[in-house]
Amino acid sequence: MTSSAFLQYCLAGISIGGIYALIAIGYTMVYGILRLINFAHGDIFMMAAYFMIFAMVDFALPWYVSIGIVLVATVVLGVVIERVAYKPLRSAPRMSIMISAIGVSYLLQNLATYLFSALPKGYPSIGFLTKSITVGGISTSVVTFITPILTLLFVFLLMQLINHTKIGMAMRAVSKDFETSQLMGIKINRVISFTFIIGCFLAATGSILYFTPRPSVYPLVGSLPGTKCFIAAVFGGIGSIPGAMLGGFVIGLSETFIKAAGYSEFSDVFTFILLIVVLLFKPTGLFGEKITEKV
Amino acid sequence: MKKFIALALASVMTFSLAACGGGGSDEAAVAGTPISGDTIKIGVFEPTTGENGGGGMQEVLGIRYANTVAPTVDINGTTYNIELVEVDNQSDKTAAVTAAQSLISSGVVGVLGSYGSGVSIAAGQTYAEAGVPAIGCSCTNPQVTLGNDFYFRTCFLDPFQGTVMASYAAEEMGYKTAAIISQNGDDYSTGIAAYFKQAFESLGGTIVADETYQTNESDFNAILTTVKASAAECVFIPCSIATATLILPQAQAVGLDAHILGSDTWENESIVMAAGSAAEGVVFSTFFDENDESTPMAKDFVNGFKAYLNEDPQRVTLNGGTDGVAAVSALGYDAYMTMVAALASLDGVEGDLTSVNLRDALAAVNHDGVTGNITFDETGDANKDSAYLKKVEGGKFVFVKKQLDETAQ
């Protein structure tokens, strides 16, 4: 392996890892607040891609307007799902709300199959993102290059928000103790909606970054990345944002290097083995809370 | 309530009568379907909906056009009208068997189709048991005709295609090194790739990277980086349309300079539309080219078929919105004409003619088709020795050359 090929693999791995990290944060935050694994998150990621196709292909809007529409529409979808499918079950046993999440996941997949057919649709290309750039012998597209940078930026901003703002403090309080924080006057529904807004915003951003270099969208496209990001969140310690980010990068890099070594059939296998190993030896993940929650 | 029961009983009896009718034709099945009356029914077994609906429809159009060119056939002094019986196999293996059974019960003596090997393999047994011969048009998987005496086909096979691409790469372009990217576990992809590898190596070339990917893979960065690092002069990628649209932009992004070669599935406008400039220069093999004027028959077919399409705007829509001649339409036309040639060769055969006689006639047929001369080997595959190579240039498919298979023969 030459050094330029090695760097190229690293870049590809970090880039896909960054996208996994963005989606994994959505899983980990919702879990932190609601103790719910939002199985529909991967499908929200898929719907964001269809929103983009609508905006740019069907309505022929310019890319900067389209990106805005995708972000807003995805956030609205996420909040509506929370209101309709999760909020009425807030006092129900945790298993019910999780089953509801699985139901929403299937609903979105089948709705997309019904509305857009199962045939893959082309994802519109955003001019400047798909341009090729060459840096020191490595050739790549702009989007691959900016993905990890955007990921780090978003994680930094999110940490600032959680640690230094009032709503962030409320979120930390809710994740510590749901009922007590309610008694202390925290508007819990607002906090939960806000969590979904952030999660869906990151999923929509991830969707744009993911589909620009991989321009094929079909109704089940969100399920495998969704599962991998869930594993990334578990690996980093579900509930922990830096953990989810680290998990995303680890999975992205290991996947790429396994494919590079010529064992592409084992790249997904490795990800799932990682999940089993983590659950066996460190169930709380790398940065997880000490108390294990039964799911 | 009584009325309802009476109605139910009546309908049950009607159904059992219908079943008797079906049973009658089953008995005749051992001996095939007889040719009688003054009409010969030919089944058209194609997908017009589902995954392969678009391509299947183009094949049907070729068959319909052929029917307008040769609507009758003379056997033993009788002029028979040829009637097409069309069914939709929905690109689905289960629906295919039902569709095949409905064709048999409607009394067809021969079947044309299908686009897509999977449905043809699924329905093959139904035709064999009924003793009705079928001619596949564009199903390239070896399994379609293997072990089935009643299935023939007019196109070349996957192994042939891989070999043709290898001779193009090694001899025409003079490449010494090649890389292969194929889909793990997919018969079509791995089959062609294996034959490409074998032929390329026997022509003195070296395969410097042999990469595989998983079904539904969307990230080819790692594989393409490996191919780039291997410094291969060309990379052969037999894959589905969906995969091709994903690989091309990623190959451009990682700065892959190797010449990209594809397989027959790549002859699809959507690849060029989705990949844009990344598709430029790609060369792939296909069955037919409308601009090939080396045979007068092909030229007549192209002109006639274009006129047929333009007669009715509906036909242009069904053809995908253009009056371009797809290779599968030509194969459909050839399959029909081969069937007619076999029927005509029954002239002079004594006794009551059945579909089994038609099968024997097909096995011995020699027909000059628009996609080349058609004779069938003992497994029922057309003996074809040439494929058409096309290149993407300026967003269009441009004919490169007719490539003869120099290693297999």
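This is a predicted model: local features need pLDDT of at least 70, side-chain atom pairs count only at pLDDT 80 or more; totals for chains, interfaces and linings use all residues.
Local features need pLDDT of at least 70 and side-chain atom pairs count only at pLDDT 80 or more, while totals for chains, interfaces and linings use all residues. Residues are numbered from 1 along each chain as its sequence is written, and chains are lettered from A in the order in which they are written.

Start where the chains meet. The contact takes 26 residues from chain A and 23 residues from chain B. Two residues are in contact if their C-beta atoms, placed from the backbone, lie within 7 Å. On the chain B side, strand 8 (206–213), helix 7 (221–229) and helix 8 (241–253) each give two or more residues. Helices (H or I, at least four residues) and strands (E, at least two) are DSSP runs, numbered from the N terminus. Helix 8 of chain B provides the largest share, seven residues. This side of chain B holds ten nonpolar, eleven polar and two charged residues. Here Ala, Val, Leu, Ile, Met, Phe, Trp, Tyr, Cys and Pro count as nonpolar, Asp, Glu, Lys and Arg as charged, and the others, Gly among them, as polar.

Now look at the largest nonpolar core. This core has 219 residues. Such a core is a set of buried Ala, Val, Leu, Ile, Met, Phe, Trp, Tyr and Cys residues joined through C-beta atoms within 7 Å. A residue is buried if 20 or more other C-beta atoms lie within 10 Å of its own, exposed if 12 or fewer, and partly exposed in between; C-beta atoms are placed from the backbone. Helix 1 (residues 3–34) of chain A gives the most to this core, with 18 residues. Leu112(B) and Val235(B) have the most contacts inside the core. Leaving aside residues up to four places away in sequence, Val235(B) touches Ala178(B), Ala179(B), Ile181(B), Val227(B), Ala258(B), Ile260(B) and Leu261(B).

Finally, check the backbone. The peptide bond from Gly113(B) to Ser114(B) is cis, with omega near 20°. Ser114(B) sits in the loop between strand 4 (110–112) and helix 4 (117–130) of chain B. Ala60(A) is not a glycine, yet its phi is positive, near 50°. Ala60(A) lies in the loop between helix 2 (41–58) and helix 3 (63–86) of chain A. Ala60(A) counts as exposed because it has 9 C-beta neighbours inside 10 Å. Ala231(B), also not a glycine, has a positive phi of about 60°. Its loop joins helix 7 and strand 9 (234–237) of chain B. Ala231(B) has 13 C-beta neighbours inside 10 Å, so it counts as partly exposed.
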